[in-house]
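Have a go at each task before you read its solution.

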Amino acid sequence: MLVHPIEVLLVEDDPGDVLMTKEAFEEHKLGNRLHVVSDGVEALRFLRREGEYADAPRPHLILLDLNLPRKDGREVLQEVKNDDDLAHIPVVVLTTSEAEEDVLRSYRLHANAYVPKPVDFDQFIKVVRQIDDFFVTVVRLPKG
């Protein structure tokens, strides 16, 4: 089976979590491309290909933190899922919040999955790899 690289947009403001996510992707060597923005405003500019992101690829998958500066992940999720051009992109909420209200709200806003971030480095890497495996090898993604 031929696996094409996928474009992944990581929306994360914590530099440590960005670094760990990059490491998980690099060590896995699946050839997918990880793009990183650090807040909700930049995420929507990337997705809508505005300004400096005019040539940005359309992501096949979004990994979204909830607690972001300028525009939080809940608002980003709502805007993505209400935009006909973006609504088909799977969104995995990857966040430190384990609050039931955040879980419920994310699914009500049509998140495709809600994954609490493990604090432990090895577990964090394992979780990111599992997300990656699932969306690269198991799930059929729309072609952008």
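**Exercise 1.** Find Arg 49: in which loop does it lie, and is it buried or exposed, or partly exposed?

*Solution.* Keep in mind as you work that this is a predicted model.
- Step 1: Start with the neighbours. Arg 49 sits in the loop that runs between H2 and strand E3 (61-64).
- Step 2: Look at the backbone. The phi of Arg 49 is positive, about 55 degrees, although this residue is not a glycine.
- Step 3: Check the accessibility. Arg 49 has a relative accessible area of 34%. Buried means under 20% and exposed means over 50%, with partly exposed in between, so Arg 49 is partly exposed.

**Exercise 2.** Now do this for Arg 70: which loop holds it, and is it buried or exposed?

*Solution.* 
- Step 1: The loop between E3 and H3 contains Arg 70.
- Step 2: Its phi is near 65 degrees, a positive value in a residue other than glycine.
- Step 3: The relative accessibility of Arg 70 is 58%, so this residue counts as exposed.

**Exercise 3.** Describe how helix H2 and helix H3 pack: what is the angle, and which residues make the contact?

*Solution.* 
- Step 1: Two packed helices are described by the angle between their axes and the distance between the axes.
- Step 2: For H2 (residues 40-47) and H3 (residues 73-81), the angle is about 20 degrees and the axes are 9 Å apart.
- Step 3: Angles under 35 degrees count as roughly parallel, and therefore H2 and H3 are roughly parallel to each other.
- Step 4: The crossing of H2 past H3 is right-handed.
- Step 5: H2 contributes Gly 40, Ala 43, Leu 44 and Leu 47 to the contact, while H3 contributes Val 76, Glu 79 and Val 80.
- Step 6: Sort these residues by type, and you get five nonpolar, one polar and one charged.

**Exercise 4.** Which residues of helix H4 are buried, and what do they pack against?

*Solution.* 
- Step 1: In H4 (residues 100-108), the buried residues are Asp 102, Val 103 and Ser 106.
- Step 2: Seen down the axis of H4, these buried residues fall within an arc of 100 degrees, so they line one face of the helix.
- Step 3: Turn to the other side of H4, where Glu 100, Glu 101 and Arg 108 are exposed.
- Step 4: The partners of the buried residues of H4 are H3, strand E4 (91-95) and strand E5 (113-116).

How values were computed. Residues are numbered from 1 along each chain as its sequence is written. This is a predicted model: local features need pLDDT of at least 70, side-chain atom pairs count only at pLDDT 80 or more; totals for chains, interfaces and linings use all residues. Side-chain values use heavy atoms; hydrogens and water are left out. Axes are lines fitted to C-alpha atoms, for helices over the stretch in contact, and angles run from 0 to 180 degrees between N-to-C directions. Helices (H or I, at least four residues) and strands (E, at least two) are DSSP runs, numbered from the N terminus. Angles under 35 degrees count as roughly parallel, over 145 as roughly antiparallel, 65 to 115 as roughly perpendicular and the rest as oblique. A crossing is left-handed if the near helix is turned anticlockwise from the far one by less than a right angle, and right-handed if clockwise. Contact means heavy atoms within 4.5 Å. Ala, Val, Leu, Ile, Met, Phe, Trp, Tyr, Cys and Pro count as nonpolar, Asp, Glu, Lys and Arg as charged, and the others, Gly among them, as polar. Buried means under 20% relative accessible area, exposed over 50%, partly exposed in between (1.4 Å probe, protein chains only). The arc is that of the directions from the helix axis to the C-beta atoms.
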